Amino acid sequence: MKVVAMIPARYNASRFPGKLMQTIGDKPVIRHTYDNTLNTLLFDEVIVVTDSDVIFREITENGGYAIKSKKNHESGTDRIAEAAENIDTDIILNVQGDEPFINRKALNDLISIFHLKDEYVQVASIMKRLLEKSDIEDSNRVKVVVDGNMNSLLFSRSVIPYLRDSAIEASYYQHIGVYAFRKPALLNFTTWPVTPLEAIEKIECLRFLEMGIPLKMVITDFKGVSIDAPDDLKVAIEYYNNYGFKSL
């Protein structure tokens, strides 16, 4: 089974333009993500797919593999699908460019789903438990609820589930923006129009749910920092200064 990691890297992110070229330690966010994904040794290839000449040069001039997008894309999934069409692979992992602390265990757990003979799993992703009230209520943290078989039921920026009865203990999970696809599922995604919930929430994986395809979710204890806003960059720098990437 051939497995390729693809890292979509849009320069002008809507909430934090240029975030992937912000520096943590001695190099930009996007190169930390690329290098840490490559250093897991889990993939046949690791490829950055970008709309930016700046990001393209940052990767290729430092010995990495990058592809320029030919079209404008609304989502990272659409971006990597364009590049994946001509790549020989069975499984494609979408590692978000703003996840510089992604680690080997989280990615390996995700890949392992596809080593099982359950052909019905077309798309998989990871989630971690949220414990702090401020994190649960943070709209930048996408929440997910699952069924008893760990298939996703809904993703939302709102607090889900809603705790109607305070006598019941609720568990909350944050969706980590790392996906794994069988290649046909990824290519099919690009043939579907943006769906209503996806447009409302600005959460691309809702397109799969609205088209009847659940995501198999894997729980991780991944402790990294997703950089969605300027304040996240400050947290990431502090995390790096304290811990580096020793958990990889």
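Some housekeeping. What you see is a predicted model, so local features need pLDDT of at least 70, side-chain atom pairs count only at pLDDT 80 or more, and totals for chains, interfaces and linings use all residues. Residues are numbered from 1 along each chain as its sequence is written, and side-chain values use heavy atoms, with hydrogens and water left out. When I say helix or strand, I mean DSSP runs numbered from the N terminus: H or I of at least four residues for helices, E of at least two for strands.

Okay, back to leucine 154. Its relative accessibility is 32%, so leucine 154 counts as partly exposed. For the cut-offs, buried is under 20% relative accessible area, exposed is over 50%, and partly exposed is in between, with a 1.4 Å probe and protein chains only.

Now, pockets. Rolling a probe the size of a water molecule over the atoms shows where empty space is left. Here a pocket is an open set of points on a 1 Å grid over the protein atoms alone, where a 1.4 Å probe fits, with protein on both sides within 12 Å along at least five of seven lines; lining residues have an atom within 4 Å of a point. Points are joined across faces, edges and corners, and the volume is the space filled by probe spheres set on them.

The largest pocket comes out at about 1100 Å³. It has 36 lining residues, and Arg15, Gln96, Arg157, Lys202 and Glu204 lie nearest its centre. Strand E1 (3–9), helix H3 (76–84), strand E10 (172–182) and helix H7 (196–201) each give at least two residues to that lining. E10 gives the most, with five. By class, the lining has 14 charged, 11 polar and 11 nonpolar residues. In that count Ala, Val, Leu, Ile, Met, Phe, Trp, Tyr, Cys and Pro are nonpolar, Asp, Glu, Lys and Arg are charged, and the others, Gly among them, are polar.

The second largest pocket holds about 540 Å³. It is lined by 24 residues, with Lys128, Asp135, Arg141, Gln174 and Gly224 closest to its centre. Helix H9 (230–243) provides the largest share of this lining, four residues. The classes here are 12 charged, seven nonpolar and five polar.

On to salt bridges, meaning a side-chain nitrogen of Lys or Arg within 4 Å of a carboxyl oxygen of Asp or Glu. The whole structure has 12. One of them pairs aspartate 98 with lysine 19, with the closest N and O atoms 2.7 Å apart. Aspartate 98 sits in the loop between E6 (91–95) and H4, and lysine 19 in the loop between E1 and E2 (23–24), so the pair ties together parts 79 residues apart in sequence. Both partners are buried.

Next, glutamate 58 and arginine 31 meet at 2.6 Å, N to O. That links helix H2 (residues 53–60) to helix H1, so parts 27 residues apart in sequence are tied together. Why is H1 (residues 29–38) largely enclosed by the rest of the structure? Because nine of its 10 residues are buried, including Arg31, His32 and Tyr34.

Then there's arginine 207 with aspartate 78, at 3.4 Å between the closest N and O atoms. Arginine 207 is in helix H8 and aspartate 78 in helix H3, 129 residues apart. Asp78, Glu198 and Arg207 form a network of salt bridges.

Last, some backbone geometry to look at. The peptide bond from isoleucine 160 to proline 161 is cis, with omega near 0°, and proline 161 is in the loop between E9 and E10. Leucine 41 has phi near 60°, a positive value in a residue other than glycine. At 73% relative accessibility, leucine 41 counts as exposed. Methionine 150 also has positive phi, near 65°, and at 25% relative accessibility methionine 150 counts as partly exposed.
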